[in-house]
Amino acid sequence: MPISRVTKLYAVEDAKIFPLIADPAGGTASYGAGIDVPGIKSMEISGDVEVKELRGDNGLLDSDAAISNVTVSYPHAKLSLDVLVALIDSEVTDTGTTPAQSSKWSLKQGAKPLPYKLVGKTPTGGGDLVGGDVHFSLYKCVMSSFPGLGLAEEDYRTIENEARCVPLISTGEWIDVEINETAIAIPTAATP
């Protein structure tokens with residue numbers, strides 16, 4: 001008998017982004033290695049539905065609807081230069097030796113947002129199944145607003161990320177929600 005298809009959703013424990021390397025029509029999408037989104041605070045998925053009505057004879061004759069937009073918001077507690085490089089065509093440069101090392105993220109004119117997959121999961125027991133978890137996967141995301149960077153007066157600064165999600169060209173995959181009977185970590189290996 002299959003597991004229940006109904007579950008609570010409690011907390012978010014981990015999230016990773018995977019740079020989308022290729023998405024060929026009729027082929028298989030390939031992704032780079034997973035990059036941790038440090039201090040993930042939430043993962044909110046929402047969308048828009050466009051409704052069209054057919055009217056005539058002074059009344060409603062028919063109605064149809066289509067999903068027109070899916071977005072995700074995922075604020076996180078810590079800045080990651082590797083996440084920024086995966087989100088935007090940019091670079092990180094490491095220089096110096098201890099005790100004077102530095103890492104610098106650089107964004108240059110003409111930089112464009114890059115596509116990526118986002119996977120988030122509940123902690124073990126974050127779903128109804130004791131010892132299980134729930135995973136959300138969005139297969140092709142593109143940044144829809146610039147990450148909320150900067151500093152705050154006498155407070156921690158939360159990094160805000162938002163993206164628009166579209167189906168893969170190769171397979172049409174858009175979003176998966178997976179309820180696991182036994183909790184599993186988000187795999188981090190690149191997929192060819």
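This is a predicted model: local features need pLDDT of at least 70, side-chain atom pairs count only at pLDDT 80 or more; totals for chains, interfaces and linings use all residues.
Student: In what order do the elements of the protein chain run from the N terminus on?
Tutor: Helices (H or I, at least four residues) and strands (E, at least two) are DSSP runs, numbered from the N terminus. On that basis the protein chain has one helix and 11 strands. Read from the N terminus on, their order is β-β-β-β-β-α-β-β-β-β-β-β.

Student: Of the contacts in the protein chain between residues at least 6 apart in sequence, what percentage join residues at least 24 apart?
Tutor: The C-alpha atoms fill a box of roughly 75 × 45 × 45 Å, taken along the principal axes. Contact means heavy atoms within 4.5 Å. Among contacts between residues at least 6 apart in sequence, the share that joins residues at least 24 apart is 65%.

Student: What percentage of the residues of the protein chain count as buried?
Tutor: Buried means under 20% relative accessible area, exposed over 50%, and partly exposed in between, with a 1.4 Å probe and protein chains only. Of the 192 residues of the protein chain, the percentage that count as buried is 34%.

Student: Which strands pair with β1, and which residue of β2 is the bridge partner of Leu20?
Tutor: Two strands pair if DSSP finds at least two bridges between them. Strand β1 (residues 14-22) runs antiparallel to strand β8 (residues 116-121), joined by six bridges, with Asp14 opposite Lys121. Two bridges join β1 to strand β3 (residues 35-36), also antiparallel, and there Ile17 stands opposite Ile35. A further antiparallel pairing, over two bridges, links β1 with strand β2 (residues 30-31), where the bridge partner of Leu20 is Tyr31.

Student: Over how many bridges do β4 and β5 pair?
Tutor: These strands form a hairpin with two residues between them, and Asp57 in the turn has a positive phi of about 50°. Within the pairing, Ser46 stands opposite Thr71 in β5. Strand β4 (residues 44-56) and strand β5 (residues 59-73) pair in the antiparallel sense, and the number of bridges is 13.

Student: Is Ser90 buried or exposed, and with which side chain does the side chain of Ser90 make a polar contact?
Tutor: Ser90 lies in the loop between α1 (81-87) and β6 (91-95), and Ser90 counts as buried because its relative accessibility is 16%. Not counting residues up to four places away in sequence, Ser90 touches Leu84, Val85, Trp105, Ser106 and Leu107. A polar contact is a pair of N or O atoms within 3.5 Å; within protein, one must be able to donate a hydrogen and the other to accept it, and residues adjacent in sequence count only if both atoms are side-chain atoms. Such a contact, of 2.7 Å, joins the side chain of Ser90 to that of Trp105.

Student: Which peptide bond is cis?
Tutor: Most residues other than glycine have a negative phi, and most peptide bonds are trans. Pro99 is found in the loop between β6 and β7 (102-106). With omega near 10°, the cis bond is the one from Thr98 to Pro99.

Student: What distance separates the C-alpha atoms of Pro123 and Glu50?
Tutor: Pro123 lies in the loop between β8 and β9 and is buried, with a relative accessible area of 18%. Not counting residues up to four places away in sequence, Pro123 touches Tyr10, Ala11, Val12, Glu13, Gly132 and Asp133. Glu50 is 73 residues from Pro123 along the chain, and their C-alpha atoms are separated by 34 Å.

Terms used: Residues are numbered from 1 along each chain as its sequence is written. Side-chain values use heavy atoms; hydrogens and water are left out.
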